[in-house]
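Let's take a friendly walk through a protein structure together. Keep the picture in view as you read, and look up each residue as it comes along.

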2 protein chains.
Amino acid sequence: MADMTEDIVETTERGSVMGRGTGGRQKLIEAALELASTTRSLASLGLREVTRCAGLAPNAFYRHFRDFDDLGLAAVDMMSSGLRSGLRERRLSLVRARKGPIVSADGAIVPSGREAIRATVGLVLDYVTEHPTAYVVGIRELNGSSPRMRAAVRKLLDDFARDMVEDIQQMLDAPMTDAVSMQEIGRQIIQQMTFFSMEYLEQPQRRDEIREQAERFILRMFVGEMALQAMTPKKKAGRK
Amino acid sequence: MADMTEDIVETTERGSVMGRGTGGRQKLIEAALELASTTRSLASLGLREVTRCAGLAPNAFYRHFRDFDDLGLAAVDMMSSGLRSGLRERRLSLVRARKGPIVSADGAIVPSGREAIRATVGLVLDYVTEHPTAYVVGIRELNGSSPRMRAAVRKLLDDFARDMVEDIQQMLDAPMTDAVSMQEIGRQIIQQMTFFSMEYLEQPQRRDEIREQAERFILRMFVGEMALQAMTPKKKAGRK
DNA sequence: CATGAATGTGGACACTCGTCTACTTTTTGT
DNA sequence: ACAAAAAGTAGACGAGTGTCCACATTCATG
């Protein structure tokens, strides 16, 4: 979540600032995320609880949001742009360092390909530990009670998957499989990574094991797909 | 969730029954699940709301539960015993009908093995549509705000995975891989099935596609594991 | 038959809730 | 300079909350 340093604003006798650009909206979003990432969920937060945590009066909520869904969607939107670009920058700096397949034509795992998977898993899980709030709240709302929140987080995961697939394609010499299968595998990897991420945050003593399991998972997906492709002869998709 | 037909009990002037065996505990659990499976989560339910839905006075809650975590854990416990045995019965009747591998020694998919995967996926997703409340609430609490609920649902998924692995081992002539890897794959399949299940419930128009994606996912996991095993020569685990 | 346990009840209590009205302060646009 | 917009405030309102006390009903046990 972007660290936002607010400009210094003098307060009135009342101890608050008013008028444009006072950052109340941002304070409400951050308060909700802070409360939702600890022992609460967004659905169980109260309006007065959030405004209290933000240091504003209850009615300030209605100056920025229509309802809690509105607040939640704003929170997801704020998190997603930062998370997505930050994660992608790191992965790109990694995959650009190497060019070649992960699985060779005869189905064997290329050592440097495996190393790239391992490094990618590492950077993703490191990223998770640096942004626990965003991940906890996001994954929690993925199956939460709000349909709009579920749809928003699902779309975010789809975006993550598309990014990842594009980055991997960039690293490969030739496509591993057709684009549709690649997108399907990308989504499934991202979905499964939500489980690894939550375990990684909640069970720090198992972190090495979780990294290895995530690496093996991704290898199984790629090796399995290559093998399935080999069993189903068809024209390979052109380079995108 | 087990359908419970209560014995006929005469009510007092007050319109309620009291004393032993009146089923108040059961009513509270069912009321909570009903509310939690629609537009709410367990964490956002109020005590009076649940007791009202159950048709009891607010204080009746304290006769059965200490707090909401207590209620939630009772609900998971009630769901899990029925879900687990019901699902397993169905799968066993399926896998007992055939004996043999899913992937042959040379890495090819055995047609009847693939058919078994397809049928198993089908029966699991049918089972999900028959028990939407249990799945929605269970998956929702998997990453919910209560650590005790998360641990309980996680354990339930682990149990599901162990059952599935044992059933598959029963169907296979010889073990596909070592027991530890098999358990890891089993857990990952069950975890991924939570995504397929939620999509299956929320996007009925995509059900055929979701079944196919789930089938391909499981095949990738097994074919990928066989291929990984073939690349890493080691003594195969003995039959369990 | 009496007693205790289980399990229900009504009512009270202090507190908190979401939402509204009316007002205040600050900034921006004309 | 003034008006409008943005964004804050206090206070009020009806409704609902969790929790407690004391009592009532039913069943099992000695």
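## A salt bridge in each chain

In chain A, the side chains of Glu199(A) and Arg206(A) come together in a salt bridge, with N and O 3.3 Å apart. Both partners are tucked away: Glu199(A) is buried, and Arg206(A) is buried too. Before going further, please keep in mind that this is a predicted model.

Now turn to chain B. There, Glu199(B) and Arg206(B) also meet through their side chains in a salt bridge, and the N to O distance is 3.4 Å. Are these two residues buried or exposed? Glu199(B) has a relative accessible area of 10%, so Glu199(B) is buried. Arg206(B) has 18%, and because the cut-off for buried is under 20%, Arg206(B) counts as buried as well.

## Where the two chains meet

How many residues does each chain bring to the contact? Chain A gives 41 residues and chain B gives 41 residues. Between them, the two chains bury about 3,600 Å², and carbon and sulfur atoms account for 51% of this area. Three residues stand out on the chain A side: Asn143(A), Phe195(A) and Arg220(A) provide 20% of the area that chain A buries against chain B, more than any other three residues.

Ten salt bridges are found between chain A and chain B. You can look for the one between Glu184(B) and Arg216(A), whose closest N and O atoms are 2.7 Å apart. Sorted by class, the side of chain A that touches chain B holds 16 nonpolar, 14 polar and eleven charged residues.

## Two domains in chain A

Chain A itself is divided into domain 1 (24-64) and domain 2 (68-231). How far apart do the C-alpha centres of these domains lie? The distance is 30 Å. The domains touch, with 19 residues of domain 1 of chain A in contact with 15 residues of domain 2 of chain A. About 1,300 Å² is buried between the two domains, and carbon and sulfur atoms give 76% of it. On the domain 1 side, Ile29(A), Leu33(A) and Leu42(A) supply 42% of the area buried against domain 2, more than any other three residues.

What about charged pairs here? The interface between domain 1 and domain 2 of chain A has zero salt bridges, and two residue pairs are in polar contact across it, both residues at pLDDT 80 or more. Helix H1 (24-37), helix H2 (47-54) and helix H3 (61-64) of chain A each supply at least two residues of the domain 1 side. H1(A) gives the largest share of that side, eight residues. By class, the domain 1 side has eleven nonpolar, six polar and two charged residues.

## A link between helices, and a network

Next, find Glu130(A) in helix H5 (residues 111-130) of chain A. Which residue forms a salt bridge with Glu130(A)? The partner is Arg90(A), and the closest N and O atoms are 2.6 Å apart. This pair links distant parts of the chain, since Arg90(A) sits in helix H4 (residues 68-95) of chain A and Glu130(A) in helix H5 of chain A, 40 residues apart. Arg90(A) is partly exposed at 31% relative accessibility, and Glu130(A) is partly exposed at 43%.

Chain A also has a network of salt bridges that links Arg84(A), Arg88(A), Arg91(A), Lys155(A), Asp159(A), Arg162(A), Asp163(A), Glu166(A) and Asp167(A). Over all chains, a search of the whole structure finds 42 salt bridges.

## A buried threonine in chain B

To finish, look at Thr177(B), in the loop between helix H7 (147-171) and helix H8 (179-202) of chain B. Thr177(B) has 3% relative accessibility, so this residue counts as buried. Its side chain is in polar contact with the side chain of Glu225(B) at 2.8 Å, and with the side chain of Gln229(B) at 2.7 Å.

Notes: Residues numbered from 1 in each chain as written. Chains lettered and ligands numbered in written order. Predicted model: local features only at pLDDT ≥ 70, side-chain atom pairs only at ≥ 80, totals over all residues. Heavy atoms only, no water. Contact = heavy atoms within 4.5 Å. Buried area = accessible area lost by both parts, 1.4 Å probe. Salt bridge = Lys/Arg side-chain N within 4 Å of Asp/Glu carboxyl O. Nonpolar A, V, L, I, M, F, W, Y, C, P; charged D, E, K, R; others polar. Helix = DSSP H or I, 4+ residues; strand = E, 2+ residues; numbered from the N terminus. Buried < 20%, exposed > 50% of the residue type's maximum accessible area, 1.4 Å probe, protein only. Polar contact = N/O pair within 3.5 Å; in protein donor to acceptor, adjacent residues only side chain to side chain. Domains from an automatic or database assignment.
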